[in-house]
Amino acid sequence: MSSSNACKMLLLGRCLHAVLMSAAIQFQLLLVFLLLVNFQLLRPLDWVSGTVGLICSWYTWFASIPLLAAVVLYGVALCQQHLVERPYCPTRYRWILHYGPRKLFFLGAHLLVGFLTAWLYTGYLQTDYRHLSYKCYGEDCISGYHVYMLGMGLTAGCYYFVSVHKRQEDSIKFPIVEQTRGEKLRELIYATLARSLVRSVVPTLSYTVVFSILGRLVCLKLSHILGVNMDERMEGFFGVVTNVKLLFYGWLLTAQILSNMHLMRSFYGILLCEDLPLVITKQKAAFANEQEISLVSALGILNVYIVQCLAANFFYKLAMRKDSKLRAEIFQLTEPGNRPANWRALCDQCLVILGSFTDELIESMQKISVLKGSQNLPLPQTIDSTSTSLMAERILLRQYNQMHGIRPIASPTRNAAFDQPADGIRHMPNWCERVSTQLEESVHRLVNRIPGIVFLFSEPEGSKTNFLLSNSQHVVYITQALSQICVASINEDRYGVVQNDLPAIIKVINKLRGELDKLNSVMGNLRAPSSEFNVLRSAVRRSLYTICNSFFDYLGDLLPPGEELHQLQAFIQQE
């Protein structure tokens, strides 16, 4: 099995674990909802025992099956967000073709989870909330309360999708402070339940205002379809807004749905950001485990971004651990041959990643008009004093000849390069070419004036740069890890395997720093993620400073004398 497939299988197992945790949290959230709805201050034992009995009843288990199926569907959509390749789409049309079906599927999963959650929770409320129709004055009437709650579930699911998943792709965030999984889950659940109570106020009030205006039309349409009478309890705007009990149930339901979706999304983040079982040196014995994944092979998996981030984070943690046996393997010589194969493969892979990222960043920055104008400015040329005096004498001589009517003996020579084209064929201007060129320009201007053409089929300025900055987390960890390994080699590298690659590492990181400094001057004109850019730029500058400060006395030996050496020395003094 290849390294890519092995990593995908490991991450797929974690996704299945996250789905099971998402299914289990449904019952916990339902327990919280029932405890709040059925609150009894005077009979606490009956309150708790009755609520637990409802949770453990057969009705709850069977009624939860549709919601659990929707949770599994939601988990599949989340798993797809993390494990599929993320190609760059230069135009909005390409983005719609690639991400549109996936986004629609994800939106459907949100709406389904919100609707089924509302349907399940209304089954535990009063009679006029439980079903779509109820008995009023001896006749069947449409239940406006039930319609309100189902619409609230759809609105909550749509609100969470728009606020979190509409445009950006899901990405994991590695914790700054290391915690156990139990500590992370406990802190996550407490914080999510408290935060959702405040976050659900705005969508609840907004939906209530819309339902007070359009709710009667919806209920009237449903009453015609079902052949029942209208519900007269929710007449007009004030009939809905002044119903405190209905607003409380709607607010509580919205808080539960937002908590549910945030918890399911966070479960994937917690499980997927755990370290992969990577090794530095693969065992070559016959009994060795074939599922071993090396750090170099994981860094080389380009089609799964999360694997690269996990490998880079593993490399960064490894580089930060002092007196680590695993870090010592990087400096070891392999047997047989006594060659630094571990460091050679790891260094080459890191330099390829950093170099390709820098090249793509330079290429994307060339399409930014502000930077393009500054890069195309002509450089000031220094003119020799001899050529200046000679030119002045020729100008004075020409002026003297013109004043006294003296003609030159030889006619001025013309540059043959301007008279004859490069292919040796003399082309005469053709009226057909002029007409076709003008026609093409006219059609191009006409097409650009059509509404939506430029919006869909033109590449927004700086979009490739934004894409690279949004997917630069692995570069942040790799640059810092390389700097720490270089510093640690002073005391731990007994064979000097790192010293030969120090000039290449310094040049690659310094080149990336220079491009980020250029980009920093125009960040205000771009819709770029400023937080990702600041993190990347700070990490690159910090890494370069760490290496150059540790080897400051040897920079003249590592780098040839020139502008780059002076830049690095000035950079160290400036920092």
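I am working with a predicted model, where local features need pLDDT of at least 70, side-chain atom pairs count only at pLDDT 80 or more, and totals for chains, interfaces and linings use all residues. Residues are numbered from 1 along each chain as its sequence is written, and side-chain values use heavy atoms, leaving out hydrogens and water.

**Cysteines.** I looked for disulfides (pairs of cysteine sulfur atoms within 2.5 Å) and found zero. Cys 486 is in no disulfide either; the sulfur of Cys 347, the nearest, is 7.5 Å off. I then checked burial (buried is under 20% relative accessible area, with a 1.4 Å probe and protein chains only). Cys 79 is buried at 12%, and Cys 486 is buried at 0%.

**Helix α22.** Helices here are DSSP runs of H or I, at least four residues, numbered from the N terminus. I found that α22 covers residues 473–492. It reaches 28 Å from first C-alpha to last, close to the 28 Å expected (1.5 Å times one less than its number of residues). Of its 20 residues, 14 are buried.

**Second largest pocket.** A pocket is an open set of points on a 1 Å grid where a 1.4 Å probe fits, with protein on both sides within 12 Å along at least five of seven lines; lining residues have an atom within 4 Å of a point. Which residues are closest to the centre of this one? I noted Leu 302, Gln 308, Glu 360, Phe 467 and His 474, out of 20 lining residues. Helix α15 gives the largest share of the lining, six residues.

Notes. Buried < 20%, exposed > 50% of the residue type's maximum accessible area, 1.4 Å probe, protein only. Helix = DSSP H or I, 4+ residues; strand = E, 2+ residues; numbered from the N terminus.
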